[in-house]
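Good morning, and thank you for the time.

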Amino acid sequence: MESQVRGGTRWKRFAVVMVPSVAATAAIGVALAQGALAASFSVSGQSFKVTTDKLVGTGFSQYGALDEGYTLSGKKTVHPVAVSGFKSATISNMCQSVVTPDIPILGNVSLILRAGEDPNKPVEAKNLYIDVADLEADATFENIDIGVAAKDANKGPGMKGGGEQANPFGFAQQADKATLSGVKQTAWATTAGTFKLSGLKMSLSTGVKECY
């Protein structure tokens with residue numbers, strides 16, 4: 001089965017409806033202790049933007065969660081996200097940007113990271129998780145299942161576990177393969193077992209300069 005999707009999704013709204021704020025189950029904690037799942041962490045007060053020409057991932061799953069973290073003033077907060085997991089992925093022409101506002105004397109400072117610009121040397125990742133707040137892309141899914149319980153989405157790398165707030169009995173979807181083109185996304189966190197950044201370039205500049 002193949003499914004194609006075009007356009008943007010307001011993942012914040014989607015995640016609030018999809019998953020209530022509950023702690024991960026003991027079973028997920030056991031898997032984490034055994035090293036089967038990646039630990040989550042408190043996210044910073046800055047989201048970041050990512051663009052890529054093409055992301056091809058095998059073993060895809062997606063479920064809703066709440067990322068705990070801080071504002072830039074240090075207050076506790078939570079962010080509703082859609083967690084996209086891939087057992088493996090290749091990413092072509094990736095750009096990642098984050099803007100730190102109101103630095104004394106300098107004002108806004110932008111960090112831009114680029115990698116995988118050579119078509120023959122894409123970025124490569126294993127056990128990749130992206131906590132997405134907003135996404136636009138053209139997407140094709142192969143052998144997709146929509147509406148499975150998050151804990152039973154076994155085509156992907158599994159739920160992250162750790163301290164993330166996600167309902168293991170809530171809505172999830174999964175596919176053998178996902179191909180996303182023309183990706184523009186805002187995310188709060190990315191974790192991976194391995195993350196190979198071929199042709200890495202990083203730059204800092206004053207002002208607001210983002211990938212999109």
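**Strand pairing, aromatic rings and cores**

Strand 3 and strand 5 run antiparallel and are joined by nine bridges; two strands count as paired if DSSP finds at least two bridges between them. Within this pairing, Ile91 stands opposite Val123 of strand 5. Before I continue, please note that this is a predicted model, in which local features need pLDDT of at least 70, side-chain atom pairs count only at pLDDT 80 or more, and totals for chains, interfaces and linings use all residues. Residues are numbered from 1 along each chain as its sequence is written, and side-chain values use heavy atoms, with hydrogens and water left out.

The chain has two helices and nine strands, where helices (H or I, at least four residues) and strands (E, at least two) are DSSP runs numbered from the N terminus. Their order from the N terminus is β-α-α-β-β-β-β-β-β-β-β.

With strand 2 it pairs in the antiparallel sense over 20 bridges, and Asp67 has His79 in strand 3 as its bridge partner. These two strands form a hairpin with five residues between them, and Gly74 in the turn has a positive phi of about 95°. Strand 4, residues 107–115, is joined to strand 3 by eight bridges, again antiparallel; there Val98 has Leu111 as its bridge partner. In the hairpin of strand 3 and strand 4, three residues lie between the strands, and Ile105 takes a positive phi near 75°.

I turn to the aromatic rings. How many aromatic pairs does a search of the whole structure find? The search finds two. Rings of Phe, Tyr and Trp (its six-membered ring) pair if their centres lie within 6.5 Å; planes under 30 degrees apart count as stacked, over 60 as edge-to-face and the rest as tilted. Phe60 and Phe86 form a tilted pair, at 5.4 Å centre to centre and 45° between the planes. Because Phe60 belongs to strand 2 (residues 48–70) and Phe86 to strand 3 (residues 76–103), this pair ties together parts that are 26 residues apart in sequence. Phe60 is buried at a relative accessible area of 4%, and Phe86 is buried at 3%; buried means under 20% relative accessible area, exposed over 50%, and partly exposed in between (1.4 Å probe, protein chains only).

The pair of Phe60 and Phe141 is also tilted, since the ring centres are 5.3 Å apart and the planes are at 35°. Phe141 lies in strand 5 (residues 123–142), so its pair with Phe60 in strand 2 ties together parts 81 residues apart in sequence.

Finally, the cores. A nonpolar core is a set of buried Ala, Val, Leu, Ile, Met, Phe, Trp, Tyr and Cys residues joined through side-chain atoms within 4.5 Å. The largest has 25 residues, and those with the most contacts inside it are Phe86, Leu128, Phe141 and Leu180. Strand 2, strand 3, strand 4, strand 5 and strand 7 (171–191) each give two or more residues to this core, and strand 5 provides the largest share, nine residues. Apart from it lies another core, of 14 residues, including Ala65, Val83, Met159 and Ala166. Over the chain as a whole, buried residues make up 44% of the 212 residues.
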